[in-house]
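Dear colleague,

Please find below the sequence and structure that I am handing over to you. My findings come after them.

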Amino acid sequence: MTNENLDLTVFYEFLTENTAIGIHAINAQGETIIYNEKMKKIEGLNLDDVSDRSILDIFRFNNADESTLLQVLQSGQSVINVKQTYWNQNGQEITTINDTYPVMKDGQILGAIEFSRDITTLEKLVNQPLQRYGEPITFEVITAVSNEMKRVIQIAKKAAIAKLPVLLIGESGTGKDLVAEGIHNATDPISEQFITVYCNRSDGNVIDKLAEQLIDLPASTVFCERIEYLSLEQQEKLLEILEQYGTEHLFIASVGNDPIDLIAENLVLKDLYYYFAAMSITIPPLKERLSDLLPFVQDYLSRYRRFFGSQIKGITNEVEQLFMHYDWPGNLKELEVLLDEMGTMMTNEEYITYDILPHHFKLKVQEYRDTTPLHAEDFVIQAEQELMPLDTYLREAETYYLNKVLDKYGQNITKAAEALGMSRQNLQYRIRKMKSTKKTTVD
Ligand SMILES: Nc1ncnc2c1ncn2[C@@H]1O[C@H](COP(=O)(O)OP(=O)(O)OP(=O)(O)O)[C@@H](O)[C@H]1O
């Protein structure tokens, strides 16, 4: 067969399905026409047995990807080198770099195609140590303002004293690594080394490597992160290690879901669970302990000021409301990644405003923002709503409006006063009045 007669489609199909780059293509109507294996892996879809693409069309894809494709379809302009960190359908943290191009023929747009490079592992190896606190993790560094988190720290302290095996249970980004390191640093005398075994990035024989490392190792803390990602064979090996070295070293393990469910799904060996279960600590997701959110942001920003000499003071009320209503599937890690991302975009702003939020995050909170104009419903007279005295109504309307304007200008009094057509002093007086009224109402 000559090259001219060769059906290249077969080669293109093979290439698409076997490349290490995620590919998602849509036609001019915005319908998915290519969605390759690697993209399914990146998105965490378990659709091996699905070949019919129409089923893929109804699947809820990552919003930001979808919209970049649609955006490119509309504009005809490529969008390249967009770095994104998000939590996929399996709750795994994924970082990708995406290039999205229009597909043109004879001056007409036929569709758009996105190439997604999965850089999760690289990102973790290179950047995460930098995002760390630059100091050993002790319980004091961990944000624990909520009662739930205070309880976690309380049990973790007991675990450090007892030096018993610990199982940390919690979604991705809830702080299991931090708590494990906190336990290590609270042991007395402190164990020699803190070793993390990354089971979720395992190369298949990570436990064999641990076994080699443990020979001649002085008393240390060994943290096996996300044991449910180990093969059952590797879990058996881990059990053997625990039997052999359990009295010498402190072993801590973590799982991302309810361990009983993981056992039922045959993802975790019952005996391995029993080994750790005596001291299990559940770290609730961020959405169930929202009182940790703002203190975490404040801690983050004060570190940011210290390390980078930045001016940043806080977040505006509007951003705070959005943060408090978003459900944070990636928990504090997602919030931290978001703050990192905004940090790189800020120059000399003092407040994080809605405008600074990255596009992908705006999309996530768009529905809430659209359906819930901030307190605006308070000013609409509804038949069933109890009427308030005029001066209360006017005071609330003033508070609402001043806050909106201050947010718009990143809390800059001079600019906000100018926009409101009043002097700085007048605005400052009104802000003070607003704050004292708020205090009186709360007390
Ligand atoms: N309570 C907290 N206080 C301060 N920082 C936190 C807290 N929880 C999480 N973080 C931040 O989030 C990042 C991720 O947390 P961590 O790696 O401990 O989560 P994890 O539960 O182990 O997630 P995974 O299961 O994905 O490994 C940490 O580097 C830390 O900066």
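Predicted model: local features only at pLDDT ≥ 70, side-chain atom pairs only at ≥ 80, totals over all residues.

Residues are numbered from 1 along each chain as its sequence is written.

The ligand has 19 residues around it, of which Ser172, Gly175, Lys176, Asp177 and Leu332 come nearest; a residue is near if its C-beta atom, placed from the backbone, lies within 6 Å of the molecule. The elements giving two or more residues to this shell are α7 (176-186) and α14 (331-345). Helices (H or I, at least four residues) and strands (E, at least two) are DSSP runs, numbered from the N terminus. Because domain 2 (132-284) and domain 3 (298-375 + 384-442) both give residues to the shell, the ligand shell lies between them; the domain bounds come from an automatic or database domain assignment.

Strand β5 (residues 108-118) pairs with β1 (residues 22-27) in the antiparallel sense over six bridges, pairing being at least two DSSP bridges between two strands. Gly22 stands opposite Ser116 in β5. Strand β4 (residues 93-105) also runs antiparallel to β5, joined by 10 bridges, and Ile97 has Arg117 of β5 as its bridge partner. A hairpin is formed by β4 and β5 with two residues between them, and Asp106 in the turn has a positive phi of about 50°.

Finally, Arg305 lies in helix α12 (residues 293-308).

Yours sincerely
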